[in-house]
Amino acid sequence: MYTVEWCKWNEIVNDAFIPFVENKDRYLIFYGGRGSSKSNFAAKKLIYRCLTEDYFRCILVRNTYAAIKDSSYQTIKDIIYELGLGELFEFKLQPLEIHCKNGNSFIARGCDDTQKIKSVKDPSAIWWEEDIPLESDFITVTTSVRTTKADYLQEIFSINPEVEGDYKDHWFYKRFFGDKVEKSFSSSTPLKIDEQTTVNLTYTVHHSWYKDNRWLPPEFIAFLMDLKVKNPYYYTIYCLGYWGNKQTGGLFYKHFDRAKSTDGKIAYNPDIALHLTFDFNVNPYMSASLWQVVGKVAYCIDEFAMVSPDNNTAGVCKEFTRRYLSHNAGLFIYGDPSGRNEDTRSEKGHNDYTVIRKDLIQFNPVSRVDNLHPPVVTRGNFINNIFQDGFEGVNIIISEKCKHFINDLLFLKEASDGTKFKEKTKDKESGITYEKYGHFTDGFDYFICKCFNTEFLMYQNGKNPVQRSLGINTFNSKVKY
């Protein structure tokens, strides 16, 4: 091995990271605010290991291969030259690799081609920079780190704690943070091999923020402080380094406010009719939401996200029956008008609504499905008006347990023509392409526009139409709407 003069650690890294120089936990997770120097420390620890260990092969990972060159690869390269170690390394661009003269190396791989990650022989370390990966990608990568040649195996994460959807439901948060109240901690996950053998996968989580970086320029600190006034959400993420739900611009439901329109205490009332609304896409799930209406307030009390093999109309009906078997106060059905068409999901002579009528016959369901889809732009504007100030007294309250539905409202984007932009994604395991968001909200639109048809017509026409017809359950004339 080469003899290397390494600086004193407290001269090149901030004090908050000194305890992790010798950390050998299987997973070392650095998260927090921007400018805390977490990536800088991760790079220096890995460079030190590369120079001093007999065997070291590290994969630099990001969600896309193209992003690595200007992030973790460049960070390592810059630090190597800053420390005066450039003569000990060779930097390659095709493929993107860094080779040390002692035989150790850094190899770049993106999760957009996980097969190439599997092809790296005997990796001993992983650096996940900035991106929080999909769970399937994490499993692919972490199961590739299994060599016996290294002193120890470790995956380092240096991440920004922001994800789409509710972060508490995200696989990464649940796996490594769970119910922990501390911002920084060490823990372990026991894995049972057989009746006699259990292995503990140890991990350390460390939170840092701008005050941990003694070299941070004052201009950057001033920018972070300004966020407290200009954008409190980004202040909590970028400055304080707290977990948050990623915000995106150009949203379809632009006036949906989770704090205002959701409630964790909504309960099913057996004395009031149920309103079940469907969307008939099958991937990533068949969706339906369940409502109860009191006056002009619509309460979403439940959701159904049925995955394979139950991602079909019959699957939703079966689950509805299981949850609400004793309900006898009436049931109204809403949904996509195209469900009246025959397709390959149903036997000849049947469609989604004949399946619903047959499978839910014990509830005496009443169809309230329109012949045509309400115009996308108009219904979107109508619903946004409701979310904003309660158009004509109509209000919408959603149970916090309806996670899929809430995520649709939070993240469905608006297209340039004002319609819904149905962003597509591909499941890596099955190869199936599906729309990421929008299934629950399509059914939601149909329900709101039909249930509050008087107000919807008023919004469309700018005048008072005929009195709203709420519909009655012909099988139970005492139903409360």
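Of the 481 residues in the chain, 51% are buried, where buried means under 20% relative accessible area with a 1.4 Å probe and protein chains only. This is a predicted model, in which local features need pLDDT of at least 70 and side-chain atom pairs count only at pLDDT 80 or more, while totals for chains, interfaces and linings use all residues. Residues are numbered from 1 along each chain as its sequence is written, and side-chain values use heavy atoms, with hydrogens and water left out.

**Overall build**
- The chain holds 15 helices and 22 strands, taken as DSSP runs (H or I, at least four residues, for helices; E, at least two, for strands) and numbered from the N terminus.
- Along the principal axes, the C-alpha atoms fill a box of roughly 90 × 55 × 40 Å.
- Of the contacts between residues at least 6 apart in sequence, 70% join residues at least 24 apart, a contact being heavy atoms within 4.5 Å.

**Pocket and cavity**
- The largest pocket has a volume of about 1,600 Å³, a pocket being an open set of points on a 1 Å grid over the protein atoms alone, with protein on both sides within 12 Å along at least five of seven lines.
- Its lining comprises 39 residues, of which L134, E164, H170, K436 and Y437 lie nearest the centre, and α13 (403-411) gives the most to this lining, with 4 residues.
- One cavity of 30 Å³ or more is found in the whole structure, a cavity being a set of grid points where a 1.4 Å probe fits but cannot get out.
- The largest cavity has a volume of about 60 Å³, and the residues lining it (those with an atom within 4 Å of a point) include Y334, R368, D370 and Y446.
- β16 (331-335) and α14 (439-451) each supply at least two residues of that lining, and α14 provides the largest share, 3 residues.

**Helix α10**
- In α10 (residues 313-323), the buried residues are T313, G315, V316, C317, E319, F320 and T321.
- Their cover includes the strands β13 (274-279), β14 (286-294), β15 (297-306) and β16, together with the helix α11 (352-359).

Methods
Buried means under 20% relative accessible area, exposed over 50%, partly exposed in between (1.4 Å probe, protein chains only). Grid points are joined across faces, edges and corners, and a volume is the space filled by probe spheres set on the points.
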